[in-house]
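Open the model in your viewer and keep the sequence panel beside it. This tour goes from one selection to the next and says what is there.

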Amino acid sequence: MKRILYIFLAIVLLASCSESYEEKQRISRAERARLAKEDSAALKIGVLPTMDCLPLYVAKERRLFDTLGVDIRLKPYTSQIDCDAALLKGRIEGTVTDLVKTEGMKKKGTSLRYATATQARWQLVANRLSRITEMKQLTDKMVAMARFSATHLLAELCIDSARLKRDDVFLIQINDPNICLKMLQNNELDAMMLPEPQATSARIWKNQVLFDTEQRDIRLGVIAFREKVLTGKERKRQYAAFLKGYNAAVDSINKYGISAYTPLVKQYMKVDEQTIRQLPKIKYTHISAPREKDIARAQKWL
């Protein structure tokens, strides 16, 4: 009799466990579907571990987008090539990028809208152990950049201005600026095109700056969106809120200084406080179209 009772209890227990597991799976599927629907409806922007993205991080962390009643989400990537791939595949609606990248996409048929130019800045930094003090010494040296991007254009501009042949310098593709910086630390490269804050870290380590876009008045940074996704009432509302939130973030950074956002820079850009303290003064600007001469430079190079 006891044996029959045990069997009966075991059957009941197994049935309840099965129902519990199936219920959890059903809830889990429903939750995943809900989250996917919300993410699809949100305006998603690809961001990088670089200082030109700081207004976006500030706007998100200070809930400037939320107070405007829109769902805008930042999607972090470690390299521009990953951002571009996500944009082209429809995983994000906009991205922080550069004019060489965007003009190249437009040339291949992708319709883009420039939301604003950014404060992106690049420097050609030479490894101090390579003892390079001027660009003409780059012959037979390895220079890191990302192909078909602003850093590619700038690397070739440096080669040309030094009156070197393109084949005299080995251009090495490295898309992640933080990996690039680690390779500099490990003495694996002779020179590299670096954005901020990575360029500041390199300068702290006594590496030589050979070229600076700020000094050459070259501004290639932009935030771009796929034109076709900015249709419809809700997308237009999100985009308008993005522009307003971006401007509010710029005002906050310019008022309180980058030092007020040290935790954000550390969190998203993976640099130490010494680097943040020694960053060059960056004056962020409100939403503004990229300059025609910078667009023309990118188009000509392409």
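Select helix H4, residues 99–107, where 7 of the 9 residues are buried. Buried here means under 20% relative accessible area, exposed means over 50%, and partly exposed lies in between, with a 1.4 Å probe and protein chains only. Helices are DSSP runs of H or I with at least four residues, strands are runs of E with at least two, and both are numbered from the N terminus. This is a predicted model, in which local features need pLDDT of at least 70 and side-chain atom pairs count only at pLDDT 80 or more, while totals for chains, interfaces and linings use all residues. Residues are numbered from 1 along each chain as its sequence is written, and side-chain values use heavy atoms, with hydrogens and water left out.

Which residues of H4 are buried? Colour Leu 99, Val 100, Lys 101, Thr 102, Glu 103, Gly 104 and Met 105. Now show what covers them: the cover includes helices H3 (80–88), H5 (150–161) and H11 (292–301), and also strands E3 (94–98), E4 (112–117) and E10 (221–226). A contact is counted when heavy atoms are within 4.5 Å.

Zoom in on the start of H4, where a side-chain oxygen of Asp 98 comes to within 2.9 Å of the backbone nitrogen of Val 100. A polar contact is a pair of N or O atoms within 3.5 Å; within protein, one must be able to donate a hydrogen and the other to accept it, and residues adjacent in sequence count only if both atoms are side-chain atoms. Just after H4, select Gly 109, which has a positive phi of about 110 degrees.

Next, pick Leu 88 in helix H3. Leaving out residues up to four places away in sequence, Leu 88 touches Met 105 and Thr 110. Draw a C-alpha to C-alpha distance from Leu 88 to Ser 20: the two are 68 residues apart in sequence and 41 Å apart in space.

Move to Asn 207, in the loop between helix H7 (198–204) and strand E9 (208–212). Is Asn 207 buried or exposed? Asn 207 counts as buried because its relative accessible area is 9%. A polar atom of its side chain lies 2.9 Å from the backbone oxygen of Ala 202. Not counting residues up to four places away in sequence, Asn 207 touches Val 125, Ala 126, Asn 127, Arg 128, Leu 184 and Ala 202.

Most residues other than glycine have a negative phi, and most peptide bonds are trans.

- Select Pro 197, in the loop between strand E8 (191–195) and H7. The peptide bond from Glu 196 to Pro 197 is cis, with omega near 10 degrees.
- Select Arg 63, in the loop between helix H2 (54–61) and strand E2 (72–76). Phi of this non-glycine residue is positive, near 60 degrees, and Arg 63 is exposed at 51% relative accessibility.
- Select Asp 140, in the loop between strands E5 (122–126) and E6 (142–145). Its phi is also positive, near 65 degrees, and Asp 140 is exposed, with a relative accessible area of 55%.

Finally, zoom out to the whole protein chain, which has 11 helices and 10 strands. Its C-alpha trace spans about 95 × 50 × 40 Å along the principal axes. Of its 302 residues, 48% are buried.
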